[in-house]
Amino acid sequence: MIERTFAMIKPDSVVRGLIGEIIQRLERKGLKIVGMKMIQISEGQADRLYEVHKEKPFFKELVSFIRSAPVVVLAIEGESAVSVMRRIIGATDSKEAMPGTVRGDLSCSKSMNAIHASDSPENAKRELSIFFTESEMLRYSRLDESWVC
Ligand code: CMP
C-alpha cells in the first residue's frame, strides 16, 4: 500500500554536511519526496513532535539539540513507506544500528542520531501535520515508479 511518512534530517547531519548523502539513499530506494523544507524548528514544533517524551529525563536535552541548528523536514511517499523508512534509518541508538542503515553508517550516538522517521502511520499523519499543510505535499510521478516495487 502506498503510504506517506514524515522524516527529519537532524541538526548533527546538517552541520556535518550529510543532507545530500541521506536524501540520496532515500531516493535510490525508490521513495518519493513530496515535501521538503530546511527550517529552524520552533519550540512549539519541538514540543508537539516530541510530546510522547515530555516526561522523560532527556526531554530538555532533546529539544535543545533539535533546535541547535537547522533541520530538513521531509514528506515521503512510497510502498509501505513507514516501515521501509524505519528499516533504512536503523535502530535509535546509532551504536547498535546495523551497517547499511543511515544511523549505522553515519552516526554513533543515541541523541545525535542523524535522522528521525515516524514509527507508525498514525504518528506519520500527526507529525506531517506539524510541518506541512496538505497543499505543501506535492503530486507528481517518478519515471521509475513502475520499476521499483
Ligand atoms: P527519534 O526516535 O528520532 O525521536 C526521539 C528521540 O529521542 C530519539 O530519536 C533519540 O534521539 C532520543 N532519545 C531516545 N532515548 C534517549 C535517551 N535515553 N537519551 C537521549 N536521547 C534519547
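Buried means under 20% relative accessible area, exposed over 50% and partly exposed in between (1.4 Å probe, protein chains only). The model is predicted: local features need pLDDT of at least 70, side-chain atom pairs count only at pLDDT 80 or more, and totals for chains, interfaces and linings use all residues. Residues are numbered from 1 along each chain as its sequence is written, and side-chain values use heavy atoms, with hydrogens and water left out.

**Overall fold**
- The chain has eight helices and four strands, where helices (H or I, at least four residues) and strands (E, at least two) are DSSP runs numbered from the N terminus.
- From the N terminus, their order is β-α-α-β-α-α-β-α-α-β-α-α.
- The C-alpha trace spans about 45 × 35 × 25 Å along its principal axes.
- Of the 149 residues, 47% are buried.

**Helix H2**
- Ile22, Ile23 and Leu26 are buried in helix H2 (residues 19-29).
- The buried residues of H2 fall within an arc of 95° down its axis, so they line one face of the helix; the arc is that of the directions from the helix axis to the C-beta atoms.
- Gly30, which follows H2, has a positive phi near 105°.

- Most residues other than glycine have a negative phi.
- Ala114 has a positive phi near 75° and is found in the loop between helix H6 (102-106) and strand E4 (115-117).
- With a relative accessible area of 0%, Ala114 is buried.
- Ser80 has a positive phi of about 45° and is found in the loop between strand E3 (71-79) and helix H5 (81-89).
- Ser80 counts as partly exposed because its relative accessibility is 25%.
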